[in-house]
Amino acid sequence: MIVVTTPTGNIGHVVLQRLLAAGEPIRVVARDPSRLIPEAKGRVEVVQGSIDDPDVLAKALSGADTLFWCVPQSNEQSDVLEYYLAFTRPLVKALEDHGGARVVAVSSAGGRGRAENAGPISALHAMEELIESTGVEFRALRSGNFMENLLWQVEPIKHQGMIFYPLGGDIAMPICAARDIAASAAMLLRDRSWTGQGGLAVHGPADLSCNDMARVMTEVLGKTIRFQEVPGPGYKASLMQHGSSQAFAQSLVDMFAEVGRGIYGAEPRTPTTTTPTTFKHWCIDVLKPALDK
């Protein structure tokens, strides 16, 4: 039995699709089961509730041998580190109480211990350490920057022809699609041969800078898209104007500062970490339809 958390999320719903296609026995944890993909109906066990609820996790893990763990995204966090740990502490208790479950978790590239104040990167690495403290068989998916993060900038792309980050325009970084993170997760969830604790990086097919991404978007969208570097305080203020909490906005400023210092270089690119979805194809499949809505 494989337990899937966040089964309606960007990554989780693709994990669920892949496991269903492979005929795996699946149990999902969902706040709102009505949002599950149609092909899941009648084919998965459902535990309704939130993954920060110890009772929900205890029920989900009962009799299960493998868990896909993904903390849901939020831009309203009052304390970014505590946000991730508040979800992970009930998991740790459930793992200690029930034992035996192998865990595959969505985390971040960047090398644990590389920086103490890298926003969500540091928080996800703290999550890894807490899970590992239980002694379970564990793999962290150490993902580069998500292509899907650009969906937060649909409005400036559509109306201004611009994208904005507090990062130098020529700083290249690994950028990956959620579908490829999900594919790596499904592979690990189905592979019963791995043991111990460790990580698998998900780098996408190539490192790209913000200027590189703007050039690709220009090609795909048929209109000029430019990248503009903005100061950290201005980026923070813009995020807060659009509904982000102060803590979340500051965490992204801190993260991009570390990206600019090369934090993503901690995990070298290899054939195994190089995943197939190009930024161009993602723009065609995901970004362009989002802009056309």
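1. Arg215 is exposed, with a relative accessible area of 52% (exposed is over 50%, buried under 20%, partly exposed in between; 1.4 Å probe, protein chains only). Its side chain meets that of Asp212 in a salt bridge, 2.5 Å from N to O (a side-chain nitrogen of Lys or Arg within 4 Å of a carboxyl oxygen of Asp or Glu). Asp212 is partly exposed, at 23% relative accessible area. Asp212 and Arg215 are three residues apart in helix α7, so about one helical turn separates them. Helices (H or I, at least four residues) and strands (E, at least two) are DSSP runs, numbered from the N terminus.

2. On the source: this is a predicted model, in which local features need pLDDT of at least 70 and side-chain atom pairs count only at pLDDT 80 or more, while totals for chains, interfaces and linings use all residues. Residues are numbered from 1 along each chain as its sequence is written, and side-chain values use heavy atoms, with hydrogens and water left out.

3. The whole structure holds 15 salt bridges. One of them joins Glu128 to Arg112, with the closest N and O atoms 3.0 Å apart. Glu128 lies in helix α4 and Arg112 in the loop between β5 (102-108) and α4, so the pair ties together parts 16 residues apart in sequence. Glu128 is buried, at 0% relative accessible area. Arg112 is partly exposed, at 32%.

4. Arg112 also forms a salt bridge with Glu132, again with the closest N and O atoms 3.0 Å apart. Glu132 sits in helix α4 and Arg112 in the loop between β5 and α4, so this pair ties together parts 20 residues apart in sequence. Glu132 is buried, with a relative accessible area of 16%. A salt-bridge network links Arg112, Glu128, Glu129, Glu132 and Arg142.

5. Ser108 belongs to strand β5. Ser108 is buried, at 6% relative accessibility. Leaving out residues up to four places away in sequence, Ser108 touches Ile121, Leu124, His125, Glu128, Leu141, Arg142, Ser143 and Tyr264 (contact means heavy atoms within 4.5 Å). Two of these contacts, Glu128 and Arg142, belong to the salt-bridge network.

6. The largest nonpolar core has 42 residues, of which Met213, Met217 and Phe279 touch the most other members (a core is a set of buried Ala, Val, Leu, Ile, Met, Phe, Trp, Tyr and Cys residues joined through side-chain atoms within 4.5 Å). At least two residues of this core come from each of α5 (154-160), β8 (162-165), β9 (173-176), α7 (210-221), α8 (232-241), α9 and α10 (279-292). Apart from it lies another core of 31 residues, including Ile2, Leu36, Val44 and Phe146.

7. Met213 deserves a separate entry. Not counting residues up to four places away in sequence, Met213 touches Leu150, Met173, Ile175, Leu208 and Phe279.

8. The second largest pocket has a volume of about 280 Å³. A pocket is an open set of points on a 1 Å grid over the protein atoms alone, where a 1.4 Å probe fits, with protein on both sides within 12 Å along at least five of seven lines; lining residues have an atom within 4 Å of a point. Of its 19 lining residues, Leu81, Glu116, Gly119, Ser122 and Ala123 are the closest to the centre. Two or more lining residues come from each of α3 (80-98), α4 (120-132) and α9 (246-260). The largest share, six residues, is from α4.

Methods: Points joined across faces, edges and corners; volume = space filled by probe spheres on them.
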